[in-house]
Amino acid sequence: SSAPSFALAFCPLSSLLSAPAIRIFGLRAPGKMSVGQEFWIVAAGCSKEQGSSSEKEAYLAALKSNSTIASRGRGAEDGPWKFDVPDGDRSLLFGSFDNLIRLTDDLQKADSAVDSILHRLERQYVELDPKADFKVKSQRQEKPFLEYLKNWQWDEAKYPKTRSILDNMTLLMSVVTKLDEEARNKTAQYNEFKTAKGNLAKKEGASVTGRDLVDVLTPDVVKINGTADDDFIYTEHITTVVVILARGTDQEFLASYETMVEKVIPLSARKFPGLDDKDGNSLWRVLMFKSAAEAFKRHCREKRIIARDFEYSDDGYRKLKMQREQIEDSVKRQHELVRGLYQAAWSDAMVAWTHIKAMRVFVESVLRFGMPPRFASFIFAPKPGANIAVRKALADVLAKGIPSGPQDKGGDAQDDEEYYPYVSLAFIPFNVPR
């Protein structure tokens, strides 16, 4: 039908020719992407006759032979390569021309939403694993991202062409949103395990005043034989209080502790040997009647002596040690689970994002070049800092004789808009330094 082409002539250029770039930044490891590297997807119209494959090959050959566009000397990872968006007899379904116009805005919004989710997944994946390996699993194959991009093909199993663009987009957004929600939920669970681990973890420090006594007064340093000479004695009436004495205060304490309150057992103060910290703080225990314990601790505080609330237990220490080992194992398992989830979620989101790009290229190309949909699309990384020269070279190759913009768009256009005589989308897959 020629109706879309006819209608196109009466549509505002600003709504038809615009293809705003999405600028994000990625990195290059050896043979991979560099900081600030941007990929462009461009498309040009082909003749409406059958068998436009030779035209597509000719476009690709011309792009590769152009030294301003091609990546010669920069590594084959920069393209250009075919971006094989379905067209011709195998093209995507969109219904009416009005649907096509609406899809322009809907796809742009979907593109932005997937962009946000994808890069959130990327950031969280890198936080979990600074050496994260970003691979794309698609159509039963797993490939490094650049390899996937070089050989990109429409995934008929996930997004059948018998389904309309709108329905495919709706399904795609539902899947990506669920991926994001699942990742958030699993991350929250993982953080709960990490918090529990932190609550049970040893409080490391040079000073004994800031450490948990369960990690200081351990079974290997405490004497417990079930006799009156034990370091800790707990009976129906007797208890043990632990105090921390600052350097040089032990003699003063020994001279006064028996009379601080009533019912302190005389000569019961005992130092734990070998546990002094670098500041000279030392650990002692005192025996007394249980009824005197709170008053004794209060008098200690008044004298600026640290009296700790601590009850020694062999079984308690072993249970705590077991709890720590269990939570450590749980955190490790959760870490691997969440890491695997982010790896898979990022891959699925990236597949969705490239298909959103392909849908946008299709819609923009039909609006730009008319029906039936016959066009050639390609992807490459422009040379850094050479955008103006590359734009001119693209115009020479893809649309000879048509100025490469900016141009006068009429009264409704924005002053800072730029348009090109070919479809153009831009994106950069990675934006998290690592």
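Basis. I worked from a predicted model, in which local features need pLDDT of at least 70, side-chain atom pairs count only at pLDDT 80 or more, and totals for chains, interfaces and linings use all residues. Residues are numbered from 1 along each chain as its sequence is written, and side-chain values use heavy atoms, with hydrogens and water left out.

Helix α3. Helix α3 covers residues 53-65. I found K56, Y59, L60 and L63 buried in α3 (buried is under 20% relative accessible area, exposed over 50%, partly exposed in between, with a 1.4 Å probe and protein chains only). They lie on the same side of α3, because they cover an arc of only 95° around the axis, taken from the directions from the helix axis to the C-beta atoms. On the other side of α3, S54 and S65 are exposed.

Partner α10. I noted α10 (387-398) among the elements that cover the buried residues of α3. Y59, A62 and L63 in α3 meet L394, V397 and L398 in α10, contact being heavy atoms within 4.5 Å.

Residue V261. I located V261 in the loop between α7 (250-256) and β6 (270-271). V261 has 13% relative accessibility and therefore counts as buried. Leaving aside neighbours within four places in sequence, V261 is in contact with A292, A295, F296 and H299. The C-alpha atoms of V261 and A295 are separated by 6.8 Å, the two residues being 34 residues apart along the chain.

Methods:
Helices (H or I, at least four residues) and strands (E, at least two) are DSSP runs, numbered from the N terminus. The expected span of a helix is 1.5 Å times one less than its number of residues.
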